[in-house]
Amino acid sequence: MTVLPLRQRSTWLALETHERSIDATNLRSLFAKDPKRGELFRVEAEGLHLDYSKQRITEETVRLLIGLANESGLAERRDQMFRGEHINVSEDRAALHVALRMPKDVSLIVDGVDVVVEVHAVLDQMTSFASRVRSGAWKGHTGKVIKNVVNIGIGGSDLGPVMAYEALRYYSRRDLTLRFVSNVDSTDLVEALRGLEADETLFIISSKTFGTLETLTNATSAREWLVEKLGDETAVAKHFVAVSTNAEKVAAFGIDTENMFVFWDWVGGRYSMESAIGLSTMIAIGPERYYELLDGFHAMDEHFRTAPFEENLPVLMGLLALWNRDFLGCASVGVMPYDQYLKRLAAYLQQLTMESNGKHVTLDGTTVDYDTGALYWGEPGTNGQHSFYQLIHQGTSIIPVDLIGFAKSLNPLGEHHDILSSNVFAQAQALAFGKTADEVRAEGTPEHVVAHRVMEGNRPTNVLLAEILTPRILGSLIALYEHSVFTQGTIWGIDSFDQWGVELGKQLAVAIIPELESESEPTLAHDSSTNELITLYRRLKRNEDTHGN
């Protein structure tokens with residue numbers, strides 16, 4: 001279908017007019033006009049319940065947003081993704097993470113290959129290996145069983161496994177220690193290895209090309225640590241496995257390619273947590289629980305693929321995010337999970353959302369004349385309430401917030417969970433309705449303090465509620481955000497699956513490294529600021545007083 005430039009589409013123009021017509025309307029008046037608003041703007045899918053009644057919208061807003069999705073070809077592009085077409089145009093490849101969680105009895109031919117068969121071959125390999133580690137059948141170089149697993153990766157090869165491990169720690173083997181290393185800062189690796197016995201430690205090196213500088217630097221140092229501790233180069237084969245596609249480099253590193261777990265160029269890093277990148281997750285929680293996680297992903301995939309837009313949870317969340325970004329001018333989104341196990345969710349979603357939709361050109365290379373991806377950030381509740389919620393409530397920027405809660409705790413203890421959950425609903429209520437000057441005065445507040453205690457409200461929120469955090473629910477939750485990101489990217493007409501902005505800094509760093517390491521004074525040809533900083537760094541580096549004494 002032929003799609004007009006975004007701001008020329010009839011529904012976009014109608015939304016601009018509509019926004020002006022409701023600009024002065026606030027959530028207090030919207031709820032007063034419709035006592036059943038909380039029932040109207042609610043949808044459920046795969047165990048996740050979304051209340052979006054506290055968004056600054058009307059039924060007409062939703063109708064127009066769905067019209068924009070239709071006019072933008074969302075259904076067609078969604079179907080192209082599920083068919084494995086090359087929708088990642090700048091890299092000429094499919095974006096087929098949905099295939100990673102398809103059942104074994106499904107067939108999907110992409111570029112002449114049934115990718116589901118390949119996916120399950122790797123899953124079978126992962127299952128066999130994880131089972132051997134968990135049972136103790138896999139022995140280290142000295143014959144000891146593995147008690148420690150260290151995952152070394154960066155970006156999607158780290159954020160997904162870390163988030164999943166922390167989220168599902170309740171289901172994990174407590175006699176296995178899992179640690180994660182991503183930062184090339186040596187402190188990250190040194191602290192991760194502290195207290196570990198080399199002959200009981202397994203390293204998972206996750207790098208698609210086995211050439212990512214940060215990952216290979218950490219992997220090389222980990223290898224040196226192991227060999228030094230065990231005194232034998234051949235020990236590497238029993239203590240290192242790889243998640244990669246580059247068998248030659250894996251073998252050169254000393255890893256037996258029988259212990260290499262592959263994935264594919266149609267899997268972007270930030271969409272890879274349920275590929276072989278999830279090996280550490282499978283070891284931690286076991287294959288059975290891991291397949292429950294995949295089932296949750298797939299269930300949300302099918303909902304996204306088949307549900308009418310009016311009832312489609314990812315579509316509605318994506319449309320609301322676009323409404324807040326482009327029509328209400330909200331530049332950031334807070335994600336606040338009220339479950340300590342989800343403490344790394346916001347960090348994971350930062351990459352998923354901002355690396356996907358932080359783009360300034362459309363699919364055909366035209367510069368956009370509208371806002372794209374918002375800044376995502378967050379912290380578990382209730383910690384954030386005693387940190388940054390003040391700005392959300394009374395600051396000059398409007399920040400939409402996703403509040404994520406659960407009806408049951410995995411660790412019930414007295415009144416803790418009801419107290420925690422009360423804050424989910426209270427924060428949504430306070431952000432929506434605030435407190436007027438008259439209400440503040442009615443509390444007996446002195447007049448000179450009234451203005452300080454007024455809260456304008458009218459701050460939009462989504463409340464996502466589930467029964468309890470399980471592997472399946474986690475899969476559905478992550479897939480929900482993935483498809484919300486896809487919905488936004490499709491309407492914006494951008495490529496949500498490349499990340500060229502990540503590359504420039506890497507290229508420049510490679511040029512600078514020898515200038516920092518050189519024994520002699522290098523000739524510097526950067527801008528004056530970079531030249532001065534490199535010179536200062538070299539001078540400080542030469543200072544023998546390395547601890548600031």
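Tutor: Helices (H or I, at least four residues) and strands (E, at least two) are DSSP runs, numbered from the N terminus. This is a predicted model, where local features need pLDDT of at least 70 and side-chain atom pairs count only at pLDDT 80 or more, while totals for chains, interfaces and linings use all residues. Residues are numbered from 1 along each chain as its sequence is written, and side-chain values use heavy atoms, with hydrogens and water left out.

Student: Which helix gives the largest share of the lining of the second largest pocket?
Tutor: A pocket is an open set of points on a 1 Å grid over the protein atoms alone where a 1.4 Å probe fits, with protein on both sides within 12 Å along at least five of seven lines; lining residues have an atom within 4 Å of a point. Both α5 (74-83) and α20 (471-492) supply at least two residues here. With 3 residues, the largest share comes from α5.

Student: How many residues line that second largest pocket?
Tutor: Start at the middle: Val3, Leu4, Arg9, Leu363 and Gly493 lie nearest its centre. They belong to a lining whose residue count is 24.

Student: And which helix leads in the largest pocket's lining?
Tutor: Look for the biggest contributor, which brings 7 residues. That helix is α21.

Student: How many aromatic pairs does the model have?
Tutor: Rings of Phe, Tyr and Trp (its six-membered ring) pair if their centres lie within 6.5 Å; planes under 30 degrees apart count as stacked, over 60 as edge-to-face and the rest as tilted. Count by that rule and you get 20.

Student: Why is the pair Phe240 and Phe253 put in its class, and which class is that?
Tutor: The pair links distant parts of the chain, 13 residues apart, with Phe240 in strand β8 (240-243) and Phe253 in helix α11 (247-253). Both are buried (under 20% relative accessible area with a 1.4 Å probe, protein chains only; exposed is over 50%, partly exposed in between). Their ring centres are 5.6 Å apart and the planes meet at 55 degrees, so the pair is tilted.

Student: What about Trp264 and Trp266, which class do they fall in?
Tutor: Trp264 and Trp266 are each buried. Their rings sit 5.0 Å centre to centre with 0 degrees between the planes, which makes the pair stacked.

Student: Which ring does the charged end of Lys238 sit over?
Tutor: The test asks for NZ of Lys or CZ of Arg within 6 Å of the ring centre and within 35 degrees of the ring normal. Arg37 passes, 5.4 Å from the ring centre of Phe31. For Lys238 the distance is 5.1 Å, and the ring is that of Trp138.
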